[in-house]
Amino acid sequence: MMLPDKIKIAGVNYAVERAEELNNDPGDMGECIYQKALIRIKSNMAMDKQHQTFIHEMLHACIEEAGFGEQDEDFVNRVSIILHQVLKDNDFAWLKSK
């Protein structure tokens, strides 16, 4: 499944883009630019890695929009890996049921 084109986080519409390179750094897999409400994901990775990276950057945006200034990258890495697995392996259709 492809990544979404946008995601709403705390009422802010973040655009989601895929790019071949980020910041001219081949090691970067994703980035979240809060001022532009933009999440960028490296496009030449396996789809599972793109999804996992998207969840990582989405979590950064959630933390930023919640008003936390400093972010612990190790914390974001660990939680995003688990969150990716939980979202992937479980059916969340119940959230949309009335």
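Cys62 comes out as partly exposed, with a relative accessible area of 33%; on this scale, buried is under 20% relative accessible area, exposed is over 50%, and partly exposed lies in between (1.4 Å probe, protein chains only). The model is a predicted one, so to speak of local features takes a pLDDT of at least 70 and side-chain atom pairs count only at pLDDT 80 or more, while totals for chains, interfaces and linings use all residues. Numbering starts from 1 along each chain as its sequence is written, and side-chain values use heavy atoms, with hydrogens and water left out.

Back to the cysteines. A search of the whole structure turns up zero disulfides, a disulfide being a pair of cysteine sulfur atoms within 2.5 Å. Cys62 is in no disulfide, and its nearest cysteine sulfur, that of Cys32, sits 9.1 Å away. That distance is too far for a bond. Cys32 itself is buried, at a relative accessible area of 14%.

Cys32 also shows up in the surroundings of His60. This histidine is found in helix 1 and, at 8% relative accessibility, counts as buried. Leaving aside residues up to four places away in sequence, His60 touches Cys32, Tyr34, Gln71, Glu73 and Val76, where contact means heavy atoms within 4.5 Å.

Helix 1 covers residues 47-65; helices (H or I, at least four residues) and strands (E, at least two) are DSSP runs, numbered from the N terminus. The expected span here is 1.5 Å times one less than the number of residues. After the helix comes Gly67, with a positive phi near 95°.

Four strands make up an open sheet in the order 1-2-4-3, with mixed pairing; two strands pair if DSSP finds at least two bridges between them. Strand 1 and strand 3 stand at the edges with a single partner strand each, so one side of each has no neighbour in the sheet. From one strand to the next, the twist averages 20°. Strand 1 and strand 2 run antiparallel and pair over four bridges, and Lys6 stands opposite Ala15 in strand 2. Helix 1 lies across strand 1, strand 2, strand 3 and strand 4, running at about 160° to strand 4. Axes are lines fitted to C-alpha atoms, for helices over the stretch in contact, and angles run from 0 to 180 degrees between N-to-C directions.

Two alanines in loops deserve a look at the backbone. Most residues other than glycine have a negative phi. Ala10, however, has a positive phi near 55° and is found in the loop between strand 1 (6-9) and strand 2 (12-19). Ala37 has a positive phi too, near 50°, and its place is in the loop between strand 3 (30-33) and strand 4 (38-42). As for accessibility, Ala10 is exposed at 64%, whereas Ala37 is buried at 13%.

Finally, the aromatics. The whole structure holds one aromatic pair. Phe92 and Trp94 form it in a tilted arrangement, 6.1 Å centre to centre with 35° between the planes. Rings of Phe, Tyr and Trp (its six-membered ring) pair if their centres lie within 6.5 Å; planes under 30 degrees apart count as stacked, over 60 as edge-to-face and the rest as tilted. Phe92 is partly exposed at 30%, and Trp94 is exposed at 55%.
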